[in-house]
Amino acid sequence: MKDRGMRTFLAVLAGFAVIYFAVTGHRGTGEGSGVSGGVVLLALLAAALVWHLTRPRDTAAK
C-alpha cells in the first residue's frame with residue numbers, strides 16, 4: 001500500500017478497535033471503565049503490526 005495516509009488511518013483504526021473491544025468487554029464485571037496500561041500497549045502493538053503489514057513493497061529489487 002503506497003498511500004501513507006491510508007496506512008496511518010488503518011493503523012489508528014486498529015488501535016482504537018483494540019481499545020474499544022477491551023473497554024466494552026468489561027462492562028459486566030463491575031470494574032472501572034478505564035483503559036489499563038496493558039490495553040494501551042496491546043493497541044500500540046496492533047497499530048504497529050498493521051503499519052508493518054501495509055508497508056509498500058520494493059518491486060525493483062530482485
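**Aromatic pairs**

I counted one aromatic pair, taking rings of Phe, Tyr and Trp (its six-membered ring) as paired if their centres lie within 6.5 Å, with planes under 30 degrees apart stacked, over 60 edge-to-face and the rest tilted. The pair is tyrosine 20 with phenylalanine 21, edge-to-face, at 5.2 Å centre to centre and 75° between the planes. This is a predicted model, in which local features need pLDDT of at least 70 and side-chain atom pairs count only at pLDDT 80 or more, while totals for chains, interfaces and linings use all residues. Residues are numbered from 1 along each chain as its sequence is written, and side-chain values use heavy atoms, without hydrogens and water.

**Helices**

I found two helices and zero strands in the protein chain; these are DSSP runs numbered from the N terminus (helices H or I, at least four residues; strands E, at least two). Helix α1 covers residues 4–24 and helix α2 residues 37–53, and they pack at about 150° with axes 8 Å apart. The axes are lines fitted to C-alpha atoms, over the stretch in contact for helices, and angles run from 0 to 180 degrees between N-to-C directions.

I then listed the contact, meaning heavy atoms within 4.5 Å. Among the α1 residues that make it are Arg4, Arg7, Ala14 and Val18, and the α2 side includes Leu42, Ala46, Ala47 and Trp51. Of contacts between residues at least 6 apart in sequence, 74% join residues at least 24 apart.

**Arginine 7**

I found arginine 7 in helix α1, lying over the face of tryptophan 51 at 3.7 Å from the ring centre. The rule asks for NZ of Lys or CZ of Arg within 6 Å of the ring centre and within 35 degrees of the ring normal. Arginine 7 and alanine 47 are 40 residues apart in sequence, with 9.8 Å between their C-alpha atoms.

**Burial**

Is arginine 7 buried or exposed? Arginine 7 is buried because its relative accessible area is 10%, and buried means under 20% (exposed over 50%, partly exposed in between; 1.4 Å probe, protein chains only). Alanine 17, in helix α1, is partly exposed at 30%, and phenylalanine 21 is exposed at 59%. Buried residues make up 15% of the 62 residues in the chain.
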